[in-house]
Amino acid sequence: MKTKLTTHQFPINAVTSTPAADTSMKMVWLMWGFALTLALVVQLLTLDSLLLFYKDEAQIIDYGRLTLNPNSTWSISWRVAEEKPILLWSYLGPLISEASFMMSGYSSLGPKVASLLGGLFASTMALGWLIVRRVPKYAAFGLSLAFLLDPLFLLSQRIGRVDSWVLGCCLCCCWILHGTDIVKNNNQAKFRLVIAGGLAAISALIWPSGVFLYPLIVIELFKFDNTEDKFITKRQVIWLRGGYFALGGLITSMLLLIPIAQHFFLIFGDMTTMLSNNVNSSMSFFERFFALLEYKQWLKMLKAFIKTFSPLFLIFALVGLFLRFDKRIFIATLLAAGIIFASQIYEQRLLYLLPYFLVLISCSFIQSKKQNSKNLIKKYNTTVLIILVTWSVSLSLFVRTAIGLNKPDESDQIRIYRVSNSHIGAGNYKVLLGFTYEFYFAGRSLGWQMYTPYVHFDHDSDGNFISGNEYEPQKQLLELLSVMDYAIFSEGSVNGELKETLEASGLYYCNTLETNKAETLTEKESPLFKNRTLGILGTYLLGRESVGTYELYERRKL
């Protein structure tokens, strides 16, 4: 009696299997669902603690608000010289943040929860993709879990960014493309290619960084493992796959750009400004072209992964290249790294290299044809899997959770709301936030109109943000300050020149805003923070004071 074979189609896999394999696959997905639930619950326990940054989260939410109200006369991404807010064509991600912000009652927790859900989605797509690539199920499970809980990936989610949704769409696209054979299953294949093209377009409309994963999508789009057919040539396969994929991307883009079509040219100009502000202006064209050959760029990348406690994926990916070299994935990884190196290297941009590292590591788990090296590679793979999972789980679920549970019961945002309400109150006040983005959430709930200059940031040799004069041009700045009711700055950030400009506009110091939060070990007591480099490491692991003391300037009544 012969065992009946079945062929799984997306979303399970595209590999012919037996009923026993079907049962095994169901168990994998059941265990994966349990792992996702556990990871989400643990993260929710400390989601309002260990807050590191507010800038990205606040700006992304505000981009979503501007999408719904493009004629708004205020923004925390305010172009002072042009006297207008900056608008984005990548509006889907900001809409997710704005919708979750409003549904949570103007709480900063809403976008963070939405980002965590995006992380679950992305890691699930990674698991499915690795399985159809014929990575053993146990390895695919472990690698996807390590990816889900990777400290850098989780940092992106905990600060409310939308990268997780971008990664999820791109990985889903790769999953569909790898399991699609246009030769053997023509009609369904065409539909899947159109869907994959649509997902690629959606990823870029969620956030512009989606383009960093396009090289990975391209190698899955033009794969030729099963294209031997006497009636169709490889060139025809390229045209068919590329054509239907492009069609899906074009249709999706046109449909999703309709809501912002009225402001398309204005948005295009703003996106040009935003893109120019997100590249390293100190690099010449020659330096950008040969950025991959510059060792300082590689060191900067390594430092960024180390300070976010995420160096293992990079290290094991490099080793994986020697164990099982995949030319196409290697080229795609170099291309993506080259694009990043030619722009700016920082943590949230390097995050987009993790899927490349993930697939490079997974290659060594695929059955090797060299039988004499089989046992040695198996031992290495087992060791890698244990280290990756142990590192991610221990840091993300145990260490950070234990630290977060020891934080004060009252969150930073409650303290900020209290001082904001008591010193300014609810009303349609115009408030300049001197890069004090943490007041954005309280300001939205109190009905303020908030302004923060949109400035160009570069990075130092360690990959840290640096900027020049943040308050310019002077003429337009003075005009902006002249219509402000209040201005809030971090203590000590107002120099003599800025103070003169404030007073010339009619704004005078009136009070100090104290959040009444006790100094923590990370701030004063720990010798760790006396060293700048160690202090950066401690900040990413332990968190830092996101609120403190502020200076309030008020328009003097005549």
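In which sense do strand β5 (residues 430–434) and β9 pair, and over how many bridges? The two strands pair in the parallel sense, over four bridges. Two strands count as paired if DSSP finds at least two bridges between them.

Before going on, a word about the model: it is predicted, so local features need pLDDT of at least 70, side-chain atom pairs count only at pLDDT 80 or more, and totals for chains, interfaces and linings use all residues. Residues are numbered from 1 along each chain as its sequence is written, and side-chain values use heavy atoms, with hydrogens and water left out.

**The whole chain**

The protein chain holds 24 helices and eleven strands. Helices (H or I, at least four residues) and strands (E, at least two) are DSSP runs, numbered from the N terminus. Of the 558 residues in the chain, 55% are buried. Buried means under 20% relative accessible area, exposed over 50%, and partly exposed in between (1.4 Å probe, protein chains only). Contact means heavy atoms within 4.5 Å. Among contacts between residues at least 6 apart in sequence, 77% join residues at least 24 apart.

**The sheet**

Back to β5 and β9: they belong to an open sheet of seven strands, in the order β4-β3-β6-β5-β9-β11-β10, with mixed pairing. At the edges stand β4 (84–85) and β10 (507–514), each with a single partner strand, so one side of each has no neighbour in the sheet.

| Strands | Sense | Bridges | A bridge pair |
|---|---|---|---|
| β5 and β9 | parallel | four bridges | Leu433 and Ile488 |
| β9 and β11 | antiparallel | five bridges | Ile488 and Leu552 |
| β3 and β6 | parallel | two bridges | Trp78 and Pro453 |

For the angles below, axes are lines fitted to C-alpha atoms, for helices over the stretch in contact, and angles run from 0 to 180 degrees between N-to-C directions. Angles under 35 degrees count as roughly parallel, over 145 as roughly antiparallel, 65 to 115 as roughly perpendicular and the rest as oblique.

Helix α8 (residues 186–206) packs against helix α10 (residues 234–257) at about 45°, with the axes 7 Å apart. The two helices are therefore oblique to each other. Residues making this contact include Gly197, Gly198 and Ala201 of α8, and Tyr244, Gly248 and Gly249 of α10.

The axes of helix α15 (residues 327–342) and helix α17 (residues 354–363) cross at roughly 160° and come within 10 Å. That makes α15 roughly antiparallel to α17. Here Ile329, Ala332, Thr333 and Ala336 in α15 meet Tyr356, Val359, Leu360 and Cys363 in α17.

**A covered helix and a covered serine**

Helix α7 (residues 163–178) has 15 of its 16 residues buried, so it is largely enclosed by the rest of the structure. The expected span of a helix is 1.5 Å times one less than its number of residues. For α7 that gives 22 Å, which agrees with its end C-alpha atoms being 22 Å apart.

Finally, is Ser97 buried or exposed? Ser97, found in helix α3 (residues 92–103), is buried, with a relative accessible area of 2%. Leaving out residues up to four places away in sequence, Ser97 touches Ile60, Ile61, Pro111, Gly160 and Val162.
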